[in-house]
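Please look over the sequence and the model shown below.

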Amino acid sequence: MLDKKVILAANHDVGSAQAMIPALKALSSDFTIYPVAWPESPAFKAFEQAGLNPPIFSGGRGNPQEIVDLMLGGGLKPSLVLVGISTANDGLETFFLEAKANYGYRKISFVFLYETWPHGWLTRPDKKALYRETADRVLAFDHFSRDEFIRHGFNPQKVVVTGNPANDDLAAMAVNKETIRKETRDRLGAGLDDTVILYCSTNQDTPENHGTDPSHPRFLGFTEREVM
């Protein structure tokens, strides 16, 4: 028997998992956190590294609906299902949303959190329709992304600006940046006189995702190809 209410976090992509992990850790004092992802998915490793320890399902991906039914209708009975986004057709979060839409789990609250600008994901009409019609709340990271969801037909009353929980971890790292910098240089074997360059891949080759007008808030003035 679980003595706390359960929050089930279903994910597939690493970005979505990393975005929700700080919030899940904060909620773990009051709720039982139950992360789920396919063992070979990027999200599984992210959950594991954060100490959240997702279960490994026997039988692999043979019958995802059986897994979903067991978790939603069996002994787990979550009060809340938190899902991320993925363009993968067989991400577990998709099966949970389909279960709410089609198999009588409408009494369970479903909250949808995504990790970054939703443009590429919103080009998938099937995914967009499923999330739009099923999620009880959409957690947007800023008002620009909230506007994007509303433009794509999401109910404005369901879209809430929350910020990005992962940024809290970055803020904590900034306080200890000199220590982290030294440890990183040591691990790389870089000497005091060596120059170390960090390049963060950003998938910014598509102007439709980031705008071409310098006054637009998404415009960055460069593409990944130009950086390379």
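Is Asn53 buried or exposed? Asn53 is exposed, with a relative accessible area of 55%, where exposed stands for over 50%, buried for under 20% and partly exposed for the range in between, with a 1.4 Å probe and protein chains only. The model is a predicted one, in which local features need pLDDT of at least 70 and side-chain atom pairs count only at pLDDT 80 or more, while totals for chains, interfaces and linings use all residues. Residues are numbered from 1 along each chain as its sequence is written, and side-chain values use heavy atoms, with hydrogens and water left out.

Asn53 and Lys77 each have a positive phi without being glycine, and the table sets out their values.

| Residue | Phi | Relative accessible area | Loop |
|---|---|---|---|
| Asn53 | about 50° | 55% | between helix 2 (42–49) and helix 3 |

Helices (H or I, at least four residues) and strands (E, at least two) are DSSP runs, numbered from the N terminus. The axes of helix 3 (residues 64–73) and helix 4 (residues 92–102) come within 10 Å and cross at roughly 65°, the axes being lines fitted to C-alpha atoms over the stretch in contact, with angles from 0 to 180 degrees between N-to-C directions. Helix 3 contributes Pro64, Gln65, Val68, Met71 and Leu72 to this contact, and helix 4 contributes Phe95, Phe96 and Ala99, contact meaning heavy atoms within 4.5 Å.

The largest nonpolar core has 31 residues, of which Leu8, Val36, Met71, Leu72, Phe96 and Phe112 touch the most other members; such a core is a set of buried Ala, Val, Leu, Ile, Met, Phe, Trp, Tyr and Cys residues joined through side-chain atoms within 4.5 Å. Among the elements that give two or more residues to this core are strand 1 (6–10), helix 3 and strand 3 (80–83), and the largest share, five residues, comes from helix 4. Leu8 touches, among others, Tyr34, Val36, Met71 and Phe96, when residues up to four places away in sequence are not counted. A second, separate core of 19 residues includes Ala19, Leu24, Ala46 and Phe141.

The structure holds three aromatic pairs, for which rings of Phe, Tyr and Trp (its six-membered ring) must have centres within 6.5 Å, with planes under 30 degrees apart counted as stacked, over 60 as edge-to-face and the rest as tilted. The ring centres of Phe149 and Phe154 lie 4.9 Å apart and their planes stand at 80°, so this pair is edge-to-face.
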